[in-house]
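This briefing sets out selected features of the structure shown below, grouped by topic.

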Amino acid sequence: MKISRQTMTLGLGLSLSFAVSLAVANDTAAQLGGDKLTPVGAERAGSADGSIPAWAPDWKGPQMPEKGGIYPDPFANEKPLFSITGKNMDQYQGKLSEGTKALLQRWPDYKVEVYQSHRVVDFPGWVKDATAKNATRVKSTEDGSSLEGAMGGYPYPIPQTGADVLWNHNLRYYGPAYRSKFAGYLIDSSGNLILTHDLENYTDSPYHDNPEEPQRHFQRRLSAYVGPARNVGDKTLTYMTLNFKKDGDNKLWNYAQGQRRVRLAPDFGYDSPMTNAGGAYFFDELGMWEGQLDRFNFKLVGKKELIVPYNNYKLLMHSTPQEAYGKQFANPDLTRWETHRVWVVEATLKPGQRHAQSKKVFYVDEDSWSIVLYEGYDQAGKLMRSAQGMFTYDWNTKSVPNTPMVIYDLVKGQYCSTMHMTGGSGFVRVDRWPNSRLTPESMAGSGIR
Amino acid sequence: MQIKRKAATGSAFLAPVVLLGALSAPSAQALTVETGNPDLRINWTTDFRVGFGWRAENINSALGDDPTSHQSDYSAHSGEMWKRRLDVLTEVDLIYKEDYGLRVSATGWYDNAYDDHDLKGNPNLAGISSRADGKLSRQAQRYYNGPSGELLDAFVFGRVELGEIPVTFKAGQHSLIWGVSQVNASDSVSWSQQPANFQKGAESPGASPKELAMPLPQLSFQSQLSDRVSLAGYYHLDWKPNRQSEGGTFLGGPDFLYDDDGRIYSGTVPGLGDLYIEQGDIVDPKHKQRGNYGLQLSLTPEWYDGSIGLVYRRMDEMQPWPVNFEVDPTSITGLRFRQVYNRGVDLFGVFTNFNWQDISWGSELSYRRGTALDSTGGPLANGGLDGATGNTFHFLLNGQAQLPNLPLYDTGIAVAEFSYTYLDKVTHNEEVFAKCSDARDGAGCGTRDASSLSLILMPSWLQVLPGIDLEGNLTLAGYGLHGNSAIPTGPAERAFAWSVGVTADIDMRYKIGLLYSDASDVDPRIGAMGSTDRGRVTLTFQTTL
């Protein structure tokens, strides 16, 4: 194995910083699960003004099907505490992200309905144990683009860098293997609702399914398209790697109909526009962040109390797409916002790197480590993208399955919803598939069209 | 007697170009039938495609004055329509518990431009016809004019566990294309794996790969032997030839091919009149139910970030020697000609697919034993009907990449493919091997080696108007870099086919495409990659009704 000069220099630097992190790490392990921090690093206590409650791990959700699926809305009967529009948003300046403010300013009839906050996200004991252990065993590169040593739980419950936070998002616990059927929509600049994809998906995480052994992959997804009509029969397989330098880049294979063979897709990532979504978002904006961290510097700005989308069971799982998505924005009467503490990460493009955006800002929920809000700024520093993460908490398995997103393309005046569940199946837990079902060759062999 | 042109070999490239059809597939109306049973799913989709074609280039006298190609060339004048065609593809999948079920698909068509079955022709060559009845061949009448249709896929599929090893299988009519080739099928491990629909590939932009790789009755399986090793195989239960552009149609090559009752004009003798070499029965594999099978081993080793495939195939070829002469004492000309399909070829191949520098690379290397080579047509002294055969090496290298970031477009894909053909040895009928003295010689001859380059650029402009995406397409197919391929299809030096066009994708449901296509070649050879004077414009609507 060749070791470049750069790696050697890094190595020297790392050994110093490793010593420092070890000290922090031991400290961390002691704090987690204590009286100040939750086992995954959130602050236990509520906020000073009471808008954020204390962490409530003993919350029990209503009865839901044993295998999951469409979750009942645990807060269906609640009414908003207050409403924010462009007119009164100045009152809430400090509690709104730039991206949310931009939407309020853009449309006079856009509203942010703020409800009672519920901090109910909890995880299984073994995830919490693994998280504590990760504090002492995780290693990352200088720029945080690769991860080593973490197993089974959150790698950075007490993050030091912005990249740490994004890895927590990447490795959030989505629960046991699941299938989901969901649809994505583009609402174009004239307000037309267009189906972009309707697919049946299987997702699992070797990282979480094998918490005792280091793994190469942290997500595997096999998707079979059932809509729109021209995509019926298409299939894709995705593997995401923890350590790009050691185990290669993320891979995506496409199945070719009529030939019944598969091909590795070229590395579309970063700022390649999603062609099946009118270019409303980039590949690295899928789920608000996906892909490799090597082009940006991720700065951990700090923590904020912010009004963020949260507990959006109603929008995602109990509203039809026609009800949920209006001509310009998602229906504010069906969208739920709450006040929570979030980590703020600002990513700036590294000098010499190429990307259509100069800056990305992520707002990550402290309890679930899911990105709940995101903004993208163009090369001139102007806001071009504002997105909302509509994650749902599965209280049966104590997990947060993959994050549906509503993302606004402020340049073209269009927006997308990527994983609408109503009419689909929700997240249904299944027995984990054997590896033999998840190879590109078996995707070809079981191709029907 | 030598036929002056390689019979429409260019189409071997044009059709495989549409191997990429998946990237611009027809739009369709889908129906997911509610069965009430969560284990049972039925998908039913129907594509509609309406295409209009106009000729944009004048008749070239070298082709139009030739008594063996004037009837195709005169089927439309510049400015006239040569196509008014409706294509329908309907598909039904019945899937039980993910792994079991059946699939049936069928296609239908009608082209109003071919309603008149009388062949056109050069007025100066009146009376000279490659078809005795002066009408389109039965093949042309069915596949061009219609209305007609055919069954495509018709198979059952399932999954069994052999011990710990899962095996998926398909039984019935379906198609499989192995290897990684993107454009060039002649040099691929997938050569003659499925009959290719060159007719649709040449004249129907937007045709799906599901129509272009025509299904055959076969048994196929795939099994994951371990996490890193997979085995796949197939056994054909029938053999069918490639479907060609028919003589007398706008994109036809020689007028006398490919149905079985064309004849070759060979001169006018005062007193005897026009003389023709008649066609005898087509020589194709005697035992179509056996002799065509293949096995593929796929490996994804720990030390390699891509996959490696090892292939062995035994095949009867699906592209004929178009004109092999035999002595016919009953004919004034003393000759008869036959279309002959070569049988019993062994193919050993290896291919790989991997990502490097953000590009998806594919490469193949194959060796064919006893493969058909360019032949003069003979006749052979020993009276045999086959052409020359021999052993050849084939190499492909292709890449798929994102177009570089330029303000000219929003995003896009580029595909490039390089091919290399090497003739190792002529093993049979060397006296009829058509060896070129110069690569620019008349078509149908082969040099020791040959190479080609194909390039496809597909830029996209997203949401140029609300709901409308535009996709451009610039294709250069099979440009012959050097040499002439020693096999009957494949590149010829400085010959190529090309097309440029744009498609509007409306609401992700409807497509309207405009395309200009043509072929080019060096003088005096015309048409190694398709007749060079058929520059044409096609307008295609793909829609849901």
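This is a predicted model: local features need pLDDT of at least 70, side-chain atom pairs count only at pLDDT 80 or more; totals for chains, interfaces and linings use all residues.

The contact between the two chains draws on 56 residues of chain B and 46 residues of chain A. On the side of chain B that touches chain A, the largest share comes from strand 1 (residues 28-33) of chain B, with four residues. That side of chain B is made up of 22 nonpolar, 23 polar and 11 charged residues.

**Chain B: overall form**

- Chain B contains six helices and 23 strands.
- Its radius of gyration is 23 Å, close to the 24 Å that the globule rule gives for 545 residues, so chain B is as compact as a globular protein of that length.
- The C-alpha trace of chain B spans about 80 × 50 × 45 Å along its principal axes.
- Buried residues account for 54% of the 545 residues of chain B.
- Of the contacts in chain B between residues at least 6 apart in sequence, 67% join residues at least 24 apart.

**Chain B: the four-stranded open sheet**

- Four strands of chain B form an open sheet in the order 9-10-14-13, and their pairing is mixed.
- Strand 9 (264-269) and strand 13 (321-327) of chain B are the edge strands, each pairing on one side only.
- From one strand to the next, the twist averages 35 degrees.
- Strand 9 of chain B runs antiparallel to strand 10 (residues 273-279) of chain B, and four bridges join the two.
- Within this pairing, Val269(B) has Gly273(B) in strand 10 of chain B as its bridge partner.

- Strand 18 (residues 411-428) and strand 19 (residues 449-465) of chain B are paired in the antiparallel sense, with 12 bridges.

**Chain B: the surroundings of Ile165(B)**

- Ile165(B) belongs to strand 6 (residues 165-174) of chain B.
- Is Ile165(B) buried or partly exposed? It counts as partly exposed, because it has 13 C-beta neighbours inside 10 Å, whereas a buried residue needs 20 or more.
- Leaving aside residues up to four places away in sequence, Ile165(B) touches Ser223(B), Gln224(B) and Leu225(B).
- Ile165(B) and Gln224(B) are 59 residues apart along the chain, yet their C-alpha atoms are separated by 6.5 Å.

**Chain A: strand 7 and its partners**

- Strand 7 (residues 193-204) of chain A is largely enclosed by the rest of the structure, because nine of its 12 residues are buried.
- Strand 6 (residues 178-187) of chain A runs antiparallel to strand 7 of chain A, and 10 bridges join them.
- In this pairing, Tyr185(A) faces Leu195(A) of strand 7 of chain A, the two standing opposite each other.
- Five residues lie between the strands in the hairpin of strands 6 and 7 of chain A, where Gly191(A) takes a positive phi near 90 degrees.
- Strand 7 of chain A is also joined by seven bridges to strand 8 (residues 217-227) of chain A, with the two running antiparallel.
- Here Asn201(A) stands opposite Ser223(A) in strand 8 of chain A.

**Chain A: the two faces of helix 2**

- In helix 2 (residues 98-106) of chain A, the buried residues are Gly99(A), Thr100(A) and Leu103(A).
- These buried residues line one face of helix 2 of chain A, because they fall within an arc of 100 degrees when seen down its axis.
- An α-helix has 3.6 residues a turn, so residues three or four places apart point the same way.
- The cover over the buried residues of helix 2 of chain A includes strand 3 (112-114), strand 15 (371-378), strand 16 (383-389) and strand 17 (405-409) of chain A.
- Exposed residues Glu98(A) and Gln105(A) are carried on the face of helix 2 of chain A turned away from its buried side.

Technical notes
Residues are numbered from 1 along each chain as its sequence is written. Chains are lettered from A and ligands numbered from 1 in the order in which they are written. Two strands pair if DSSP finds at least two bridges between them. Two residues are in contact if their C-beta atoms, placed from the backbone, lie within 7 Å. Ala, Val, Leu, Ile, Met, Phe, Trp, Tyr, Cys and Pro count as nonpolar, Asp, Glu, Lys and Arg as charged, and the others, Gly among them, as polar. The arc is that of the directions from the helix axis to the C-beta atoms. Axes are lines fitted to C-alpha atoms, for helices over the stretch in contact, and angles run from 0 to 180 degrees between N-to-C directions. The radius of gyration is taken over C-alpha atoms; the globule rule is 2.2 Å times the number of residues to the power 0.38.
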